[in-house]
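Good morning, and thank you for coming.

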Amino acid sequence: MRRFFSRAVLAVLLLAPAAALLTGCGPGTAAMQGTSTAAAPELKWEELIPKSWDPTSRYRNISLEALRDNDPRAIQMLDEMRAVWDNAPVNVALDGKAAKLAGFVVPLDAAQDGIREFLLVPYFGACIHTPPPPANQIVHVIAPAAVKGLHAMDTAYVSGTLKAARYSSADMGVSGYEIKSASVERFVAKQAQ
């Protein structure tokens with residue numbers, strides 16, 4: 001019988017970062033929800049990670065199969081890994097730069113008139129169905145007005161001034177970046193021709 005801990009740790013260490021780097025928001029054209037984002041350069045999620053940061057280096061020589069879920073060493077390791085991810089460094093070269101980023105929406109508020117504040121994440125299910133990605137892979141977004149028709153895990157383009165700023169949500173994770181007064185565009189799938 002395989003142990004849950006081994007699979008969970010492998011997912012956290014390998015699958016989530018790989019998914020973040022292989023962001024697949026899908027093809028599509030954007031339907032406008034705000035001002036134009038054409039002027040901001042589009043970033044890829046891996047650009048938000050400093051090239052020198054490797055959160056897995058200290059765990060490479062550990063035999064995960066030898067640990068059981070209730071092993072105090074396993075619990076300590078998971079706590080340490082979460083702390084490393086929550087304190088993940090940001091790419092300071094991007095601080096204060098205009099940027100456009102595609103990702104998935106994790107609402108922080110929801111009202112009848114739409115969503116104004118949310119986390120933008122690189123892969124489907126992040127912060128909701130899986131452990132949150134590292135802080136340098138989460139952007140806290142604040143739109144100037146509620147965006148109508150935007151729901152959890154919808155894909156969207158967000159643009160504005162990218163700031164290195166920590167925001168902690170008790171339920172959803174810690175973000176390393178922020179875009180205030182963000183322009184938000186939803187993806188609309190292209191029709192087959």
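The buried residues of helix α2 are Ala 74, Met 77, Met 81 and Trp 85. Buried means under 20% relative accessible area, exposed means over 50%, and partly exposed lies in between, with a 1.4 Å probe and protein chains only. Seen down the axis of α2, these buried residues fall within an arc of 70 degrees, so they line one face of the helix. The arc is taken from the directions from the helix axis to the C-beta atoms. On the face turned away from that buried side, α2 carries the exposed residues Pro 72 and Asp 79.

Before I continue, a word on the source. This is a predicted model, in which local features need pLDDT of at least 70 and side-chain atom pairs count only at pLDDT 80 or more, while totals for chains, interfaces and linings use all residues. Residues are numbered from 1 along each chain as its sequence is written, and side-chain values use heavy atoms, with hydrogens and water left out.

Helices (H or I, at least four residues) and strands (E, at least two) are DSSP runs, numbered from the N terminus. At the start of α2, a side-chain oxygen of Asp 71 comes to within 2.7 Å of the backbone nitrogen of Arg 73.

Let us turn to Leu 43, which lies in the loop between β1 (29–33) and α2. Is Leu 43 buried or exposed? Leu 43 is buried, with a relative accessible area of 10%. Leaving aside neighbours within four places in sequence, Leu 43 is in contact (heavy atoms within 4.5 Å) with residues including Leu 48, Leu 94 and Leu 162.

Next, the core. A nonpolar core is a set of buried Ala, Val, Leu, Ile, Met, Phe, Trp, Tyr and Cys residues joined through side-chain atoms within 4.5 Å. The largest one here has 23 residues, and those with the most contacts inside it are Leu 48, Phe 118, Val 139 and Leu 162. Strand β4 gives the most to this core, with four residues.

Finally, how is β4 paired? Strands pair if DSSP finds at least two bridges between them. Five bridges join β3 to β4, and these two run antiparallel; Ile 115 has Val 147 of β4 as its bridge partner. Four bridges join β4 to β6, which run parallel, and Val 141 stands opposite Ile 179 in β6.

Definitions and conventions:
Polar contact = N/O pair within 3.5 Å; in protein donor to acceptor, adjacent residues only side chain to side chain.
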